[in-house]
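Reader: I want to know what stands behind the labels on a model. Can you go through them with me?

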Amino acid sequence: MDSSVTKNAGRFTGFADVYDQARPAMPFYPVKIIRTYLGRKPQQVVDLGCGTGLSSLVWKGQCEKLTGIEPSDDMLAVAKLKETEGISFKKGFSGATGLENASVDAVVCSQSFHWMEPESTLAEVNRILKPGGVFATVDCDWPPVCHWQAEKAYTELFRKVLEIEETNPDVKNSFVRWNKEGHLANIRRSGVFTYAREIVFSNTEKCTSERLAELAKSQGGLQTILKKAPEMIEKDLVAFEKAVSATFGQDEFDIDFGYRMRIGVK
């Protein structure tokens, strides 16, 4: 198995609860588009790299069976608490799902494809997808839209995260990440799909200062630095939290998550 698989699975250890409580759940729009492209209600859907199952439950009643596949034991433990009729979770990897050939109508990677080696992943997607099946990646843009001062503070915090990732060997060598901007090109380059495109949309949720701070803490890059070199980021994190609190106080406010969906039809 590629070393990136175990590296990246380990990146998501120790903060599944923060991730589950702060991250946005999957909006319904991707389900609508996938059903439109299929032309019918899917029988089996795979949520590949499902994390804590936030992207899975939206499929309840929209398919016959949803299987969430996740390599991180921490994330999978939280997801399994959400199992219900027609929705189940199991440990697996993007290049080795353990599913049968041509058994799946749709495979969805929600906020996860950039952690997967694209060639082996798309080969596995091709193997398990039925003819006419749909593959989709769904990713948020960061920061979410809320208020320019809070967005500026978020951007500054993660500029520092990126700087540490690039200069601290212990952090830099702990993960392998593929550029999200390459998703559509990788889908097209695979030769698997007869049609591929990108769709951009947004979804509004309610938020608080506390949740916005937890959203930052749900990012694997920040968590890795907090584990390996906390002294390099703690002051920046405190400054971000203070800026968010000063902007919103105790008020609840709307937050808009911008999404980019890259989709391919086999």
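Author: What follows is a set of labels, each set against its definition. The model is predicted, so local features need pLDDT of at least 70 and side-chain atom pairs count only at pLDDT 80 or more, while totals for chains, interfaces and linings use all residues. Residues are numbered from 1 along each chain as its sequence is written, and side-chain values use heavy atoms, with hydrogens and water left out.

Reader: Why is threonine 121 called buried?

Author: Buried means under 20% relative accessible area, exposed means over 50%, and partly exposed lies in between (1.4 Å probe, protein chains only). Threonine 121 has 0% relative accessibility, so it counts as buried. Threonine 121 lies in helix α5.

Reader: How do you know that asparagine 179 is exposed?

Author: Its relative accessibility is 53%, so it counts as exposed. Asparagine 179 sits in the loop between α7 (169–172) and α8 (183–189).

Reader: What makes alanine 102 partly exposed?

Author: Its value is 41%, so it counts as partly exposed. Alanine 102 belongs to the loop between β3 (87–91) and β4. Its phi is positive, near 45°, and it is not a glycine.

Reader: Is glutamine 111 buried or exposed?

Author: Buried: its relative accessible area is 12%. Glutamine 111 also has a positive phi, about 55°, without being a glycine. It is found in the loop between β4 and α5.

Reader: What makes a run of residues a helix or a strand?

Author: Both are DSSP runs, numbered from the N terminus: helices are H or I with at least four residues, strands are E with at least two.

Reader: How do you know which strands pair with β5?

Author: Two strands pair if DSSP finds at least two bridges between them. β4 (residues 104–110) and β5 have 6 bridges, in the parallel sense. β5 and β7 (residues 253–265) have 7, in the antiparallel sense. Serine 110 stands opposite valine 138 in β5. Threonine 137 stands opposite arginine 262 in β7.

Reader: What makes the contact between threonine 121 and serine 94 a polar one?

Author: A polar contact is a pair of N or O atoms within 3.5 Å; within protein, one must be able to donate a hydrogen and the other to accept it, and residues adjacent in sequence count only if both atoms are side-chain atoms. The side chains of threonine 121 and serine 94 make such a contact at 2.9 Å. A polar side-chain atom of asparagine 179 lies 2.8 Å from the backbone nitrogen of glutamate 181.

Reader: Why is one space called a pocket and another a cavity?

Author: On a 1 Å grid over the protein atoms alone, a cavity is a set of points where a 1.4 Å probe fits but cannot get out; a pocket is an open set with protein on both sides within 12 Å along at least five of seven lines. Lining residues have an atom within 4 Å of a point. The largest pocket holds about 700 Å³. It has 26 lining residues, and among those closest to its centre are Trp142 and Arg177. Helix α6 gives the most to this lining, with 6 residues.

Reader: What is cis here?

Author: The peptide bond from tryptophan 142 to proline 143, with omega near 0°. Proline 143 is found in the loop between β5 and α6.

Terms used. Points joined across faces, edges and corners; volume = space filled by probe spheres on them.
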